[in-house]
Amino acid sequence: MGNSGFEKYKRLPSGGFALSGPAEMAEALRLQNWRIRREEERRQGEMATGERIQTRRLATTSTPSPSPPAPVWKLRKDSKAHSKAAKSAKPSKAALQFVPGWDLAVGIEIHAQLNTPHKLFSPASPSAHAPPNTRVAPFDAALPGSQPVFQPGVLIPAVRAALALRCAVQPASRFDRKHYFHWDQPAGYQITQYYAPLARDGSVTLRARDGLLGDEVEVVGIQQVQMEQDTAKTLAQPGGVQWVDLNRAGAALVEIISRPTMRSPAAAAAFVRKVQGLLRGADACVVGMEEGGLRADVNVSVKRAGEAGPLGTRVEVKNLSSFKAVEDAVVAERDRQIAVLEGGGLVEAETRGWTVGGTETRRLRGKEGEVDYRYMPDPDLGPVVVDPRLVEHLAERSGMSVDEELDELVGRYGLTEKDAVTLTGLDDGNRVQYFYNVLEALETLRTGNWGEHHAPHQPEPPQDPETLSRLAANWCLHKLGKLTNDSSLLAMTPNGECVVPSGDLATIIHHLHEHDITAKTANALLLGLFSGDIPPGHVRQTIDEQQLWFHEISRDEYAAVADAVVADGDVKAVLDEFLKYYQQEGGKKQYPEGKLMFLVGRMMRVGEKAESMDPGSAEGVMRKRIKEVYVPRMMRGAGGGGEGEGKAEGV
Amino acid sequence: MRTGFRLRTLCLRCSRGYGVTHNFQQRRLLNHFVSKEEIPFDLPKDAFTLAVKDNIATESLPTTCASPFLTPYTSPFEATIVAQLRERGAVVVGKTNLDEFGMGSHSTHSAFGPVTQPDSDLSPGGSSGGSAVAVATGEAAVALGTDTGGSVRLPAAYTGVVGYKPSYGMLSRHGVVPYANSLDTVGLLSRSYNIAELDPRIRAAWAAAAAAVLGARARVVPVSLPSTRHALSAYYVLAPAEASSNLAKYDGVRYGARAAASDTYAASRAAGFGGEVQRRILLGAYTLSAEAMDNYFRQAQCVRRVVRRDFDRVFRLGNPLVDEEDEAPFDLSDVPEEVEMQSKLGPAQVDFLLCPTAPTLAPGVDEARGMGELEGYVNDVFTVPASLAGLPAVSVPLAVEGDGRWAGLQVVGQFWDDARLLAVAREVREVLGVGRRGREGEW
């Protein structure tokens, strides 16, 4: 195959290939396979270490870029160096967490929209996508004479939220009016639960995997969970004009108020992230924080370390809409307060704001300018009486908590904590469902039991979780992730399906795991599924038609290839390393794995049947032959050779 | 004779509220209608005319609450009570003038000017003064009013018609623009007692009850309601508090003229509300403020509860809203000293209470306009206790001999005892005589 083949296929930006027919596709797949391999080997040769092959064996490498390798690597190294320099200029994340001599206390209020088809007090359905002002009942617009009608369906997600936060749901809660004038508030007041909230006294546990540093475990108390109305959406227009969209006005929110016990900025961000995960896991809330469905206000206070007594004066930073904003705002506000106190000043109780990407909080209003909300029990609304049986029922039906799920992924399926956290956090929690679907399909493939259906959420773990489920997680996370930067292109659905059907991915993983296909073939198949070149359900057919099955050569053939590699004179220096290893006394010298990989790389390159060779098998054979054949031969030869040299010298 | 109807309608529709008495000869500016409907010459046999206070939403006519904020406002939906009455044959003749958002006792605090009585310059009472006059002139057989602290009963007493404030919550408030939600009650005004016959089921129920109760002739005993002396103060804390909240939506953003951008809310509200409404909003905003909440709003809520307990102690019937397990039984040691004992078991218990509707006869319109605010508030002293307790009450008119004015007598019953109350009020009215406003055969 000549280089001319490259010109035949135009590379697409997505990493796919423009293909027309099955025959062409087969050729392309093989071509790609071959080309990538050649590129890789060339690079390995140049690097003179075999590290890349090692990773290939684990089938976890990404598809390497086929562009000339040297500049790319140089670039990568450069950018790494750059980022290292940048990091050393900036304090590390860990260094930002604590200021010696000072204690920090953070309390957080989180607002999240409940997952319910109606607004809190009207049957209108809130929607972020409907045309403006089309989801508005008379009460949402506060028309004179309209009355609130509590929508009991709201209670289901609200109680789920309370339970997810381990709160005690109160037998009776009440609604109060909170008054302030703003055009996002048509009634002039927001209906909330101030005096008698829905639930009280919960807790959220934060650990390292939630974003805490070190092995610390922080239990953050939840003071209360209350139901309340959302405000309208406003859009500022040029010329001081405000557009108001009432679609969101009156939508049902929960407000979650933590106790002020968080001690680090990372804990504050971790708390918000954890609460979002818990709410999503409990199916209580609709959208993620970054999409505006979750907003947080933080209360920050500092005092000198070890000083007894109450918390310092607290300052509220309002309207934070991302985890990063929470952490950055806490850092900035803490540092500002410390600077004030160290300068001999007093921290003033006030409300401050935060601009994304900023470095300082800014004052919005002081205490004297604080709005008196004039809370008043709403005379139009009776108490909400929650039957304990409803709470019991919802508690029984609630699925796994995020924590339990992470424990499961780590303990049962053998994932790393990092991968488990990433997996559960992707695509609004849909990615992990996809993972379960893939596992279930894998299990079906493995047992060959096509008729039996497992529970969709918790498939049985594979027999060898160490490899198969990790392999599956790797593909669901990293391989899928590398297909595109925009994960919305995957179109992941809540029941865990996407443009790459879980069954097809399982087929690829299954055959890869069984060594039926090579990693390269597997990568190409995934690409084909994503680009649509392989129709769903046609993975096996494609492998058959394009003859992509991996037919491994025999052990003897491997040995022959190994012998051929070793016969080349220029590897003698490499072989000497092995000789030294086996001849040493005391065991200080490490086995020269790198050299071994170099030799395996040579095998893959020299072998005429490279397509039918597995690097893992090649490595095994090479390792064995070095120990059992080449080194003994060298030892014998070293004796003989030494004599020969001696003779020569002697001549 | 109905020949005058069309002419009168045209005349009334030409501007805001030119009222004409049923006697077409005597045309005077009564100002009791804010807007009028053209009604057909021949009403169906079962139909009756209905005037609607202009703080109750109608689809056909604007709903202004006599406030500049809502002068161009027409509700996209109709109040439940109006729809229910239309189903039963009501023909809406017009929307009646009132004190702005129902706040006032003489129907003088209106963006459309004060209302006057047909044959005199007397105050028609408030805030449902327009509705009372519409009934008194015969232009409407029945008028809808709202009674928050006496706003149906007081005008009824002053204009010599019957005013009925049902138990709180008995009639739907959907479409009633709120003044103080926990007190607002839709009430009915009529010259005759036909209002009680709107629903034959209610009539049948109370007819049976009335026969049983009044057959044995009523016995009259004096009773004491010691906490009612605090009721007026409590009312004027609670009602303005709720009003300040309810009226927050009138901010110049969607209602009323929007003032300059720098202080839109304050300026729009200062320009849009009348003086009495502003006074009550300020009062309410203060009593709800963090510093005053405990001393005023909470205390007033406590008084409200004590007032209700006073009534419960006096009535023979229990209050269906009160869970007996939650409430400790009355202990004689708790009964104030001044309460007269009927027996060793305690003071007398009664079925109904009879008391004046208002402490004074109707003042002249000019006199009422010149009154201080406090004087106006004091007028509500007899009506407010039943409002705080949510009890049903009927004001029946009694002609004052030689004066030409009317005194109102109020009959109050236990909560949800409306059917028996109406029966008794009818007996009382028979005893008192039909009077000028009633016509023979209307019973």
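Trainee: How many residues of chain B are in contact with residues of chain A?

Mentor: Two residues are in contact if their C-beta atoms, placed from the backbone, lie within 7 Å. Here 27 residues of chain B are in contact with 20 residues of chain A. On the side of chain B that touches chain A, helix H6 (228-246) and helix H8 (275-288) of chain B each supply at least two residues. H6(B) gives the largest share, three residues. By class, that side has 15 nonpolar, eight polar and four charged residues. Ala, Val, Leu, Ile, Met, Phe, Trp, Tyr, Cys and Pro count as nonpolar, Asp, Glu, Lys and Arg as charged, and the others, Gly among them, as polar.

This is a predicted model, in which local features need pLDDT of at least 70 and side-chain atom pairs count only at pLDDT 80 or more, while totals for chains, interfaces and linings use all residues. Residues are numbered from 1 along each chain as its sequence is written, and chains are lettered from A and ligands numbered from 1 in the order in which they are written.

Trainee: How many helices and strands are there in chain A?

Mentor: Helices (H or I, at least four residues) and strands (E, at least two) are DSSP runs, numbered from the N terminus. Chain A has 20 helices and 16 strands.

Trainee: In what order do the nine strands of the open sheet in chain B stand?

Mentor: Two strands pair if DSSP finds at least two bridges between them. The order in chain B is S1-S3-S2-S4-S6-S5-S10-S11-S9, with mixed pairing. Strand S1 (33-36) and strand S9 (352-356) of chain B are the edge strands, each pairing on one side only. S9(B) pairs with strand S11 (residues 406-413) of chain B in the antiparallel sense over five bridges. B:Cys355 has B:Gln410 in S11(B) as its bridge partner.

Trainee: Which strands does helix H2 of chain B touch?

Mentor: Angles run from 0 to 180 degrees between N-to-C directions, with axes as lines fitted to C-alpha atoms, for helices over the stretch in contact. Helix H2 (residues 80-87) of chain B packs on the sheet and touches strand S2 (48-53), strand S3 (90-96), strand S4 (142-147) and strand S6 (185-190) of chain B, at about 145° to S3(B). Helix H3 (residues 129-136) of chain B lies across S1, S2, S3, S4 and S6 of chain B and runs at about 160° to S4(B).

Trainee: Which residues of H8(B) are buried?

Mentor: A residue is buried if 20 or more other C-beta atoms lie within 10 Å of its own, exposed if 12 or fewer, and partly exposed in between; C-beta atoms are placed from the backbone. In H8(B) the buried residues are B:Glu276, B:Val277, B:Arg280, B:Ile281, B:Gly284, B:Thr287 and B:Leu288. Down the axis of H8(B), these fall within an arc of 135° (of the directions from the helix axis to the C-beta atoms), so they line one face of the helix. The face turned away from the buried side carries the exposed residues B:Gly275 and B:Leu282.

Trainee: What covers the buried residues of H8(B)?

Mentor: The cover includes S15 of chain A, together with H6 and helix H9 (294-314) of chain B. S15 (376-377) of chain A is one of the edge strands of an open antiparallel sheet of three strands in chain A, ordered S5-S4-S15.

Trainee: Is B:Pro347 buried or exposed?

Mentor: B:Pro347 lies in strand S8 (residues 346-347) of chain B. B:Pro347 is buried, because 20 other C-beta atoms lie within 10 Å.
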